[in-house]
Protein chains: 2
Amino acid sequence: MASDHTRSAILAAAERLYADRGFGDVTMRDIVAEANVNLAAVNYHFGSKDELIAELFVTRSIATNRERLHELKAAEEQGGGRAPIEVILRALVGPTLRGCLGPENQRSTAARFMIRASIESVPPIRRIKNREIDHLRKFVGAMRRSLPDRSDVDIYWGLNFALAMAHHTIRESERLTKLSEGKCDLDDVEDVVARVVSVATMALTAGRTETKAPSRLAAR
Amino acid sequence: MASDHTRSAILAAAERLYADRGFGDVTMRDIVAEANVNLAAVNYHFGSKDELIAELFVTRSIATNRERLHELKAAEEQGGGRAPIEVILRALVGPTLRGCLGPENQRSTAARFMIRASIESVPPIRRIKNREIDHLRKFVGAMRRSLPDRSDVDIYWGLNFALAMAHHTIRESERLTKLSEGKCDLDDVEDVVARVVSVATMALTAGRTETKAPSRLAAR
DNA sequence: TTGCAATTCAAACACTTGTATGAAACTATC
DNA sequence: GATAGTTTCATACAAGTGTTTGAATTGCAA
């Protein structure tokens, strides 16, 4: 107990630095400098660098998953156990996209940290990451209920592509802006979410629910 | 001149190790051990570790781009200047997917190295990477010619999503296999290519060329 | 205030990293 | 076969890494 001040200062500084520069080039000395704390404090409070990273990841992982599941559950309850596929997908990719894109000042360090963690596979995180599969299975379940005629394989691929578009867009947002000479506005987060959800919905419904070809706006 | 043997042994070993384990945890000592070569050889032949990485990346970058452009050019010539969008997308994502997926023994180290390079952003590569945008612009041009009614913004997003699905599927192939309990067969590369191309095509044509809703098999 | 545990701190430690050095071995030319 | 240029090698070096140490400082209860 006592003064958690140092502890949380380290957590905040580490998360910020890791989110910005990745795990590779952030040293413990960088972290303690950013936190205005002595070098030995990290080992004193967390045991080791890896345990610090692990704690950061576990905490954020739980929070992100809770947020996504909250949206999902609300949608399913409102639909009497079956939510529209667009809404499910929105619950899956919305929180992360909103946290990582948009105007600079309102991006969450937490979301950016999680994206880093999903890219750079550092040992302490890799060990924990398997649990994420259980989390994704809950979305698979919801998608099955939403699209009972769809094969499992198609569901898995749809989920995979939805995450692909969301994560890749975040990671390569700078390149997309440059390539499109600013024509693709990544600050308009809701537009990005709508595009991702729309395409993923098409991937999941094409060739089955014919004629309905959901428009991009329908996913808003 | 003289014996390039050492030089190329280093290149091969480095590419293999980087492809497998990433830039982060491969040291020069790992490389020279794998190449059966003295530690000082890397600095003697390449100047520095960074220059070795840069040479590796430039070489592979040129080769990959040439392969993709070759497919693209052939398609456009056959179509009298306008290739079907499916074929353009196939030229974009096919080579990489084929190189990185499929049965273990026929995956190319080159392709896997390039994926590593596109994920882990290490300084020597970051400096070079900007040129890739020029390469992508050629695909944007072909896509514009193929879909003249489509807005530039939609073209850029379609390209972005196509690359997203291809790269993410490669990076997270293990997770997808585990999540789907083997139901998604990532060794069937042509099926994966067809799925990616199909979804990207839908993203690029939906709401415009109505009724045609291209089926997954149509993209084969 | 005194005493004791929790916390902070400067310094050092053991280890790994990429790079440099200078002697040895090799190769080809005369 | 001697010589000059290239390549290899064992070894050392300087810088940076995470971690440990033991003394100083703080905070709080008796």
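Reply: In this predicted model, a backbone N or O atom of Met28(B) lies 3.0 Å from a phosphate oxygen of DNA strand C, and this is a polar contact, a term that stands for a pair of N or O atoms within 3.5 Å. Residues are numbered from 1 along each chain as its sequence is written, while chains are lettered from A and ligands numbered from 1 in the order of writing. Local features need a pLDDT of at least 70 and side-chain atom pairs a pLDDT of 80 or more, although totals for chains, interfaces and linings use all residues, and side-chain values rest on heavy atoms, with hydrogens and water left out.

Chain A also reaches the phosphates of DNA strand C, here through side chains.

Of the atoms of DNA strand C that come within 4 Å of the protein, 55% belong to sugar and phosphate.

Which helices build this surface near DNA strand C? At least two residues each come from α3 (40-46) of chain A and from α2 (28-35) and α3 (40-46) of chain B, helices being DSSP runs of H or I with at least four residues, numbered from the N terminus. Among these contributors α3(A) gives the most, with 3 residues. Sorted by class, the surface near DNA strand C holds 7 nonpolar, 7 polar and 3 charged residues; here Ala, Val, Leu, Ile, Met, Phe, Trp, Tyr, Cys and Pro count as nonpolar, Asp, Glu, Lys and Arg as charged, and the others, Gly among them, as polar.

Let us turn to the other strand. DNA strand D has 16 residues around it, of which Thr27(A), Met28(A), Lys49(A), Thr6(B) and His45(B) come nearest. Sugar or phosphate makes up 57% of the atoms of DNA strand D that lie within 4 Å of the protein, and the rest of those atoms belong to bases.

Chain B, in turn, meets phosphates of DNA strand D: a polar side-chain atom of Tyr44(B) is 3.0 Å from a phosphate oxygen, and a backbone N or O atom of Asn38(B) is 3.5 Å from a phosphate oxygen.

The surface near DNA strand D draws at least two residues each from α2 (28-35) and α3 of chain A and from α3 of chain B, and its largest share, 3 residues, comes from α3(B). By class, this surface near DNA strand D has 7 nonpolar, 6 polar and 3 charged residues.

To place the helices of chain A in their setting, note that the secondary structure of chain A comes to 11 helices and 0 strands, and that its C-alpha trace spans about 65 × 40 × 25 Å along the principal axes.

Definitions and conventions: Near = heavy atom within 4 Å. Polar contact = N/O pair within 3.5 Å; in protein donor to acceptor, adjacent residues only side chain to side chain.
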